[in-house]
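Here is a short tour of one protein model, written for someone who is new to reading structures. Keep the 3D view open while you read.

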Amino acid sequence: MTGEFWKNKKPDEFTPEEWESVCARCGRCCLIKLQDEQDDAIYYTRIICRYFNDSNCSCSEYANRCRLVPECIKLSPDNWNQIGWMPQDCAYRILAEYGDLPEWHPLKTGKPLEETRSVKNKTVSEKDIPEEEWEDYILEGGENDL
Ligand code: SF4
Ligand code: SF4
């Protein structure tokens with residue numbers, strides 16, 4: 001990776017390594033979301049996908065994620081700016097909206113993402129919560145409540 005490639009190239013020109021490096025590893029896209037049947041509104045919960053590994057804030061089944069979890073959408077340069085529910089602080093979303101990464105991003109700081117900006121140690125696994133109770137875990141202020 002060379003320089004600030006995200007400013008000098010279009011996403012479809014990123015190498016696979018560059019594309020992956022844009023993910024800040026915040027984990028917010030792995031939170032379980034509920035959709036209101038009346039108005040289609042999306043609500044984030046503090047429940048996280050069963051395959052999320054909290055110790056390193058990443059997917060434990062990354063290569064198989066879309067097969068194991070059909071709702072798990074593989075982000076690519078073809079769809080990255082079309083997914084309305086992506087978290088407000090998702091680095092891909094910020095790049096799509098502002099053409100740059102935020103100052104806190106690991107590619108700018110040279111360090112892993114600060115824990116305060118991730119979901120680490122702040123969620124419960126979907127394995128531990130019966131589905132009929134998921135509504136009780138809605139984040140009233142949205143995903144940035146974590
Ligand atoms: S399968 Fe992996 S990437 Fe997909 S939501 Fe679950 S933890 Fe996240
Ligand atoms: S919300 Fe965006 S930056 Fe955060 S883990 Fe998901 S893809 Fe990566």
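## The pocket of ligand 2

Let's start with ligand 2: the space it takes is the largest pocket. A pocket here is found on a 1 Å grid over the protein atoms alone: it's an open set of points with protein on both sides within 12 Å along at least five of seven lines, for a 1.4 Å probe. A molecule sits in a pocket if more than half of its atoms lie within 2 Å of the grid points.

Around ligand 2 you'll find Cys 23, Ala 24, Cys 26, Gly 27, Cys 29, Pro 87, Cys 90, Ala 91 and Tyr 92; to be near, a residue needs a heavy atom within 4 Å. Sorted by class, that shell has eight nonpolar residues, one polar residue and no charged ones. (Ala, Val, Leu, Ile, Met, Phe, Trp, Tyr, Cys and Pro count as nonpolar, Asp, Glu, Lys and Arg as charged, and the others, Gly among them, as polar.)

## Reading the model

A quick note on where this comes from: it's a predicted model, where local features need pLDDT of at least 70 and side-chain atom pairs count only at pLDDT 80 or more, while totals for chains, interfaces and linings use all residues. Residues are numbered from 1 along each chain as its sequence is written, chains are lettered from A and ligands numbered from 1 in the order in which they are written, and side-chain values use heavy atoms, leaving out hydrogens and water.

## Ligand 1 and its shell

What surrounds ligand 1? Its neighbours are Cys 30, Cys 49, Tyr 51, Phe 52, Cys 59, Arg 65, Val 69 and Cys 72. By class, this shell splits into seven nonpolar residues, no polar ones and one charged.

Is Cys 57 buried or exposed? Cys 57 counts as buried because its relative accessibility is 6%; buried means under 20% relative accessible area, exposed over 50%, and partly exposed in between, using a 1.4 Å probe and protein chains only. Cys 30, at 24%, is partly exposed.

Now look for the open sheet, whose three strands run in the order 1-2-5 with mixed pairing. Strands (E, at least two residues) and helices (H or I, at least four) are DSSP runs numbered from the N terminus, and two strands pair if DSSP finds at least two bridges between them. The edges are strand 1 and strand 5 (124–125), each pairing on one side only.

Strand 1 (residues 31–35) and strand 2 (residues 42–48) are antiparallel, joined over four bridges. In that pairing, Leu 34 has Tyr 43 as its bridge partner. Strand 2 and strand 5 instead pair in the parallel sense, over two bridges, and there Ile 47 stands opposite Val 124.

Most residues other than glycine have a negative phi. Asp 40 isn't a glycine, yet it has a positive phi of about 65°. You'll spot Asp 40 in the loop between strand 1 and strand 2, a hairpin with six residues between the strands. Asp 40 is partly exposed, at 48% relative accessibility.

Cys 57 is another non-glycine with a positive phi, of about 55°. Cys 57 lies in the loop between strand 3 (52–53) and strand 4.

Notes. 1 Å grid on protein atoms, 1.4 Å probe; cavity = no way out; pocket = protein on both sides within 12 Å on 5 of 7 lines; lining within 4 Å.
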